[in-house]
Protein chains: 4
Amino acid sequence: MTATAPAGVVDRVRDDVAALHAELVRYGLVVWTAGNVSARVPGADLFVIKPSGVSYDDLDAAAMVVCDLDGTLVDGTRSPSSDTAAHAYVYRHRPDVGGQVHTHSTYASAWAARGEAIPCVLTAMADEFGGPIPVGPFALIGDDSIGRGVVDTLGGSRSPAVLMRSHGVFTVGATARDAVKAAVMCEDVARTVHIARQLGEPLAIAASDIDRLHDRYQNVYGR
Amino acid sequence: MTATAPAGVVDRVRDDVAALHAELVRYGLVVWTAGNVSARVPGADLFVIKPSGVSYDDLDAAAMVVCDLDGTLVDGTRSPSSDTAAHAYVYRHRPDVGGQVHTHSTYASAWAARGEAIPCVLTAMADEFGGPIPVGPFALIGDDSIGRGVVDTLGGSRSPAVLMRSHGVFTVGATARDAVKAAVMCEDVARTVHIARQLGEPLAIAASDIDRLHDRYQNVYGR
Amino acid sequence: MTATAPAGVVDRVRDDVAALHAELVRYGLVVWTAGNVSARVPGADLFVIKPSGVSYDDLDAAAMVVCDLDGTLVDGTRSPSSDTAAHAYVYRHRPDVGGQVHTHSTYASAWAARGEAIPCVLTAMADEFGGPIPVGPFALIGDDSIGRGVVDTLGGSRSPAVLMRSHGVFTVGATARDAVKAAVMCEDVARTVHIARQLGEPLAIAASDIDRLHDRYQNVYGR
Amino acid sequence: MTATAPAGVVDRVRDDVAALHAELVRYGLVVWTAGNVSARVPGADLFVIKPSGVSYDDLDAAAMVVCDLDGTLVDGTRSPSSDTAAHAYVYRHRPDVGGQVHTHSTYASAWAARGEAIPCVLTAMADEFGGPIPVGPFALIGDDSIGRGVVDTLGGSRSPAVLMRSHGVFTVGATARDAVKAAVMCEDVARTVHIARQLGEPLAIAASDIDRLHDRYQNVYGR
């Protein structure tokens, strides 16, 4: 593959990524300019990502930027998101990943602030995450630390979401839409399990039932 | 009754069910494609239900699907909701039920995750539910377990809502609108009682007062 | 005064009351058809109130109903709110009250469920309520019990809001707009003080400072 | 500098301040008429601020008022916000401040009600605040007490936000937009850290890492 792609393909990905950012707003996962979605450009060593420091009101397709898999800007009039290096690292090391999302969504970030994995105590969580949502290391922005923490942590889990310690959530998917779904579901279960825990201990779901639910959801439901 | 109905009747039920899905969104009871509403088709052994895996933005009347009381697709271009078997079971065993709702709404699901009934400590809860909102069994999707759990649990209660353990809420009503109302009120009281309990014990309402409130509301108010 | 009024006056009050119901929705104080606003008709022994069991989407001026001070329907095509008797009692016993609001707003109702007054630990609460928001008795709907509980409890307080035990909030004001403001502020402070209390004890404000804040706000600010 | 400015400059500031008030509503930082934004007029000893007691629906550019640095009304048809004296004090003593925001946003005010600083346990908090968000003194409205409390407390901190005890939040920025961003981020981290603390202790971030994050964000990111 190469670092070029037909303009029509890139334009379609820009449209998708712009539209998916609106889902982060709709589900209350982001404030101000925080958070970002990226998508791999099919057939090229490129991805489309949100520019840095731009209001969600102004995030149309034209505002999106295109980077190569080293995170270098290839096309676009603005600087790429400050999380671009993390996205690039994940695309380089996970060829199956076609889209990513990063947010500081409230309840998931609260679990991350305590460095505590979210236990799998809801059937919807078994469906989507196949077990607990794991915690990755504390990592400073500026090099490959965050990307490496995401890849390493996801490698030991069926979950498409990881809680980066003291920071927030990263999710991956075969497509950017799948990654956005994982980000929405991650916050939803982070909130429900938090609230359940406030007044006692949620009941466990047997590991075999989690397996059965996850297998059915991933292989049968809506596919 | 039969598994056919005049097209005009089915069309009206499709319209109703599509519009009622928007109420789930308005009251924040659902995220992404989770949750569903169904309604029995008057005069036929059929019900209308949400298709599987479709965004709430795209849930117009035409997207709804029609099933018979075994849960088999009779009309529609998409697969029925993965919860269709549960709805079908309830319609077969509860001829008085004309509509159903299923959600993973946050506070109700938190009580369900602890397997704890919501105590009746608010007059609005006495009005609508006539007592605690009960907890049904843990049940896997894929056969009649969920439907049976819903029917069995509601059979021992005046509540139109049941919290299915580790899962979420099912509500029933004479009409789909009544079931949606029960789902909205269930989340509302689940939230208020949760918050009350965070800082102490809510005061009990005498059983005789619960009876009086429930009787008045069901037989006098707005009927 | 009489139980008649110029049509133009009644029409203006209907407009106001309809518009104020939209504020209850905007601030998330109500779900489904719960809650109501009423306003006294100037120069007549009448008030305008919400009809019973009507969706907030359909609450235009024409839907509102007019009652006399015994709570008897005088004009309108629908039944008055089931809380009409309570509003009527308050208008009969508090000639200074020009408007009222009743809601089951979440945080205020949680304090009401515990039967606990909200302590005055925020300057905004001193401004609007002049002290704690008091708790009224448990009272069943159907006679003057609720209205009497509201009047008796407010009589011993500077607060325009009362938490009726196990039920919800009633607020009063010189105008219906003032009563809506009190309902909005009541839920706002009920929420903030609840959240403050979750992690420790809010600091007290000296009684003399509460007096000074309340006096300034009621007599100087925006009047 | 003088207490006059070209009309075009003032008009542009009025537009900005009106638009920024809409951000307070969008992010749920204010109810009813509470809260306010102000902005210094470039090249003049003036600032633009919200009028007192006006609904957020009616806050267009024309409704804004212009004051001199003593807080005296210079232009506008309404009374300035009752917090004008505090804003004026800050502009007089902090020439680097170009904009300010005051809110009673829920979670930040809950920390303020306990008189407790928000610990810096999130990377986004290190970025924006460079450490804990500090608590200022209890101060009554009506003289320079609040403004002095804000200036004194911010003087000992890198944070652009201060929690005024038993009251709410004040934020400052080089521009009014920066101050609004600080108010939005303050409530966001107040909420996330509160929720983290509900189920245990958030993990500390090393002081040197907070320094590195803050330095990078203030000097590199988006500037």
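Guide: Let us begin with a term: a salt bridge is a side-chain nitrogen of Lys or Arg within 4 Å of a carboxyl oxygen of Asp or Glu. In this predicted model, that rule finds one salt bridge across the interface of chain C and chain B.

Visitor: What makes Asp57(C) and Arg26(B) a salt bridge?

Guide: The closest N and O atoms of Asp57(C) and Arg26(B) are 2.6 Å apart. The cut-off is 4 Å, between a nitrogen of Lys or Arg and an oxygen of Asp or Glu, and therefore the pair of Asp57(C) and Arg26(B), at 2.6 Å, counts as a salt bridge.

Visitor: Which residues form the salt bridge between chain A and chain B?

Guide: The count between chain A and chain B is one salt bridge, and it is formed by Asp57(B) with Arg26(A), whose closest N and O atoms are 2.6 Å apart.

Visitor: Why are chain C and chain B said to be related as by a four-fold rotation axis?

Guide: Chain C is superposed on chain B by a rotation of 90 degrees, with 0.0 Å of shift along the axis and an RMSD of 0.0 Å. The two copies are therefore related as by a four-fold rotation axis. In chain C, the C-alpha nearest that axis belongs to Gln198(C), and it lies 5.3 Å away from the axis.

Visitor: How much area do chain C and chain B bury between them, and which residues of chain C lose the most?

Guide: Chain C and chain B bury about 2,600 Å² between them, with 63% of it on carbon and sulfur atoms. On the side of chain C, the residues that lose the most area to chain B are Val31(C), Trp32(C) and Arg114(C), which together make up 29% of what that side buries.

Visitor: What does each side contribute, if we look at elements and residue classes?

Guide: Across the interface of chain C and chain B there are eight residue pairs in polar contact.

Guide: On the side of chain A that touches chain B, the elements giving two or more residues are α1, α4 (123–129), α6 (176–198) and α7 (207–219), and α6(A) gives the most, with 11 residues. By class, that side of chain A has 16 nonpolar, five polar and 10 charged residues.

Visitor: Why is Val30(A) called buried?

Guide: A residue is called buried under 20% relative accessible area, and because Val30(A) has 12% relative accessibility, Val30(A) counts as buried. Val30(A) lies in the loop between α1 (7–26) and β1 (36–40) of chain A. Leaving aside residues up to four places away in sequence, Val30(A) touches Leu24(A), Val25(A), Gly35(A), Tyr56(A) and Thr103(A).

Methods
Residues numbered from 1 in each chain as written. Chains lettered and ligands numbered in written order. Predicted model: local features only at pLDDT ≥ 70, side-chain atom pairs only at ≥ 80, totals over all residues. Heavy atoms only, no water. Least-squares fit on C-alpha atoms with pLDDT ≥ 70 in both. Buried area = accessible area lost by both parts, 1.4 Å probe. Polar contact = N/O pair within 3.5 Å; in protein donor to acceptor, adjacent residues only side chain to side chain. Helix = DSSP H or I, 4+ residues; strand = E, 2+ residues; numbered from the N terminus. Buried < 20%, exposed > 50% of the residue type's maximum accessible area, 1.4 Å probe, protein only. Contact = heavy atoms within 4.5 Å. Nonpolar A, V, L, I, M, F, W, Y, C, P; charged D, E, K, R; others polar.
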